[in-house]
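User: Hi! Could you walk me through this one with me?

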Protein chains: 2
Amino acid sequence: MPKVKITDTILRDAHQSLIATRMRTEDMLPICEKLDRVGYWSLEVWGGATFDACVRFLKEDPWERLRQLRKALPNTQLQMLLRGQNLLGYRHYADDVVREFVARAADNGMDIFRIFDAMNDLRNIRVSIETVKQSGKHAQGAICYTTSPIHTLDRFVQLGKDLQEMGCDSVAIKDMAGLLTPNVTAQLVSALVSELEIPVFTHSHATAGLADMCHYKAVENGAAGFDTAISSFSGGTSHPPTESMVAAFRDTEYDSGLDLPLLQEVGFYFREIRKKYHQFESEFTGLDTRVQVNQVPGGMISNLSNQLKEQGALTRMNEVLEEIPRVRKELGYPPLVTPTSQIVGSQAVMNVLGGKRYATITNEVKHYLQGRYGQALGEISPQVQHMAIGNEEVIKCRPADLIPPEMEKLRKEIGPLAKSEEDVLTYAMFPELGRDFLQQREDGKLIPEPLEPPNVNNANGHKAATEFN
Amino acid sequence: MPKVKITDTILRDAHQSLIATRMRTEDMLPICEKLDRVGYWSLEVWGGATFDACVRFLKEDPWERLRQLRKALPNTQLQMLLRGQNLLGYRHYADDVVREFVARAADNGMDIFRIFDAMNDLRNIRVSIETVKQSGKHAQGAICYTTSPIHTLDRFVQLGKDLQEMGCDSVAIKDMAGLLTPNVTAQLVSALVSELEIPVFTHSHATAGLADMCHYKAVENGAAGFDTAISSFSGGTSHPPTESMVAAFRDTEYDSGLDLPLLQEVGFYFREIRKKYHQFESEFTGLDTRVQVNQVPGGMISNLSNQLKEQGALTRMNEVLEEIPRVRKELGYPPLVTPTSQIVGSQAVMNVLGGKRYATITNEVKHYLQGRYGQALGEISPQVQHMAIGNEEVIKCRPADLIPPEMEKLRKEIGPLAKSEEDVLTYAMFPELGRDFLQQREDGKLIPEPLEPPNVNNANGHKAATEFN
Ligand SMILES: [Co+2]
Ligand SMILES: [Co+2]
């Protein structure tokens, strides 16, 4: 019987999506004994934002978190999200850094590496995949899902085949924006499953309220598993509730076999934990189906709304929302995900506020059009390219081919502040932040940002409907 | 193409489930113009709790609400939930009251009557169905869904056939507790659709987070439509979000055809409205999958928890949860819905707190065992029956057969306080409350319960995840 495999994102994407990635290790460890007994396929525990938040706000060593979780979860596979050649940082790294990073992550306990490139330029994830395989770990190639005239079923299937060819142990469809519908998921998964020999997983945010139905259809069409978030950190910009998905498949041929009563205990645990982080709750994390109409991810809209507010131009939002698809088309239809979402979004804001389109062009768009992020799947507008970079040469090779080895240089730069290769990599990911962190540690001055006191309990307990029908 | 038919419960079940049925007509009317343009199959606007809340708390004439909604929604079918021979009250009424009530509701603008009996004793809904048909309106027979050894697929199909035979224009599966799973829904709907000629609808609460998947599978298996709630009043003990369900079926053969951007505007409208009622929010209305494990509806658990708290016995909750299935079995496996949920729940509490089972027996259980609510589908425990009512005779006929006509008596009792037949019926539904209401109206002293001032806006708008993947 093909038991469905469930990855709970509670320790990474769920709190990243709902409370700005602020959950602390001290709130994870007490529940690990139970999490470890649930029977998950994996727990997602690491990614760019968790690494960043650890160093920036929580003053935790992210590597130490990984080691602690590894120890506390001896029976469960740990999973991370890796941005290919970007690793967990915001630029392309030299291959030696990528190799070192993956090897260190594997060594510290990571089992499954979900690897993606924001452009779906698979050259940018080749070295990561190779190194994961060399480390004897599970390499999962992720396809960023998006919609556009060129993002056909065939294109996605071709990406899946390429990932398989590159040695991936599985493929994930990564729907960061909640664009998938159940029907499209069924077609996409079915096509991938019939063309691939490796298992297919789905990752879809519940932003538009469709992800649970998408997962259901995915499994019916041959998907091996999908991502969830424990109920108290589920829904909206996070993931469908683990308990519900487990209940949905109970007593069917796809039964996950996970322990539902135990999951319910985990859910109640995190419900209490969430209260501790109330200052990070946002009105932008709830259910919002607008992405299904305008194809602009909710996370982007909230960023744009802040950007516009700062410039006193919130009333121009609709124009920006109309400009985004145009910019995206001119840039060759990149999927909208970090960092392409910012690249497209900021340029769209400039195009609207500047009065004339591309009167000002961001550096990121220039780099993008120089090919420094990789190659877009669609055609780049020659006019826009010319406006941005004139006759400058465009990089045709894999961007990292132009980056000489840099581990040695990084080691030297950070010097004795780094006590380990992991420290060097922390510095590599976030040069300023990482150095500050290591310096603070050296000085014994790692002070996490303060948490506001809990809200006065205004729960009443007497207002539930007394009648239900 | 079989367009899926959507009923939005925002004006009845959604606010009943989430804010104790407190939404006022003044907050409904301003959005009716938009609601009316959406293209719904129907809007559910009336039911027992709305009627009760109007009279008890809001000091609104529920009939006047109906007339106002009718006027404001000229292009949309209005739907109500009717408890068969109980109408919207808490006892069985004589047939002449049932006939008058249904006729008045039809006359005041009701189009679709969803009619159920808590015991699934169809004798209790016969007169309602007949009268709806005589009024030229749509009679929808509802089957209360529950699980038990005797609630087999065949039993449900038989109920559906009986409802068709009785003249129903459609059948609804009514899953008030969120017990359905997608797989069971598929089987149940498929069986009903293949055996019936009338359309099948589904009503399932999102309590366990499964209702959207259930509806999806229902439609795939031939259901004509289902119930939703606009996003800002969706989820948890309410219904799946309308916008999401519309998006789920867009561009498929089941496309609802509803206007999604317009629905999004409606959603934002009600998001603001909901803030006005914050004092009625409850911690018991969120997602909770426990019903999928212990089969006890969430609404019942919150009632029980209040009951136990008052008696300082909250620690006995688990015993009560284990006692409920036993009591339910001894009573012949009634579905747990108002009023059977209270009947079973209160007796279970007594059985646990009393030390000895059935040492004390509630009057409701006695009436139940006398057959005054109708006939259970399962076998009644003879021991329990004997303990409760000794050798008293058990009613075998339809309970209402023993009730003589009572409209005339009601008219006399309420006298000149009633200015219309509708007033008499308001009094009939809630003798004390209704009289008070009519008296207050007479005295010009209808004062709605006060609403607490809005919460200080602690939304921050800056905390959304800046990174999403
Ligand atoms: Co309901
Ligand atoms: Co994600």
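This is a predicted model: local features need pLDDT of at least 70, side-chain atom pairs count only at pLDDT 80 or more; totals for chains, interfaces and linings use all residues.

User: Which protein donors does the cobalt ion (ligand 1) have?

Analyst: They are A:N469 (O), B:D13 (OD), B:H203 (NE2) and B:H205 (NE2), at 2.0 to 2.7 Å. Donors here are N, O and S atoms within 2.8 Å of the metal (3.2 Å for Na, K and Ca), and water is not among the atoms, so sites may look incomplete.

User: And why is the arrangement irregular?

Analyst: The angles between the four donor atoms run from 93 to 140°. Four donors count as tetrahedral if all angles lie between 85 and 135 degrees; four count as square planar and six as octahedral if opposite donors are over 155 degrees apart and all others between 65 and 115; anything else is irregular.

User: Are A:N469 and B:D13 buried or exposed?

Analyst: A:N469 is buried, at 3% relative accessible area, and B:D13 is buried at 0%. Buried means under 20% relative accessible area, exposed over 50%, partly exposed in between (1.4 Å probe, protein chains only).

User: Switching topic: how enclosed is strand β7 of chain A?

Analyst: Five of the five residues of β7(A) (200–204) are buried, so the rest of the structure largely encloses this strand. A:V200, A:T202 and A:S204 cover one side, with A:F201 and A:H203 on the other. Helices (H or I, at least four residues) and strands (E, at least two) are DSSP runs, numbered from the N terminus.

User: What does β7(A) pair with?

Analyst: β6 (170–175) of chain A runs parallel to β7(A), joined by five bridges, and β8 (225–228) of chain A pairs with β7(A) in the parallel sense over two bridges. Two strands pair if DSSP finds at least two bridges between them.

User: Last one: which residues of helix α17 in chain B are buried?

Analyst: In α17(B) (382–389), those are B:V384, B:Q385, B:A388 and B:I389. They fall within an arc of 100° seen down the axis, so they line one face of the helix; the arc is that of the directions from the helix axis to the C-beta atoms. After the helix comes B:G390, with a positive phi near 55°.

Definitions and conventions
Residues are numbered from 1 along each chain as its sequence is written. Chains are lettered from A and ligands numbered from 1 in the order in which they are written. Side-chain values use heavy atoms; hydrogens and water are left out.
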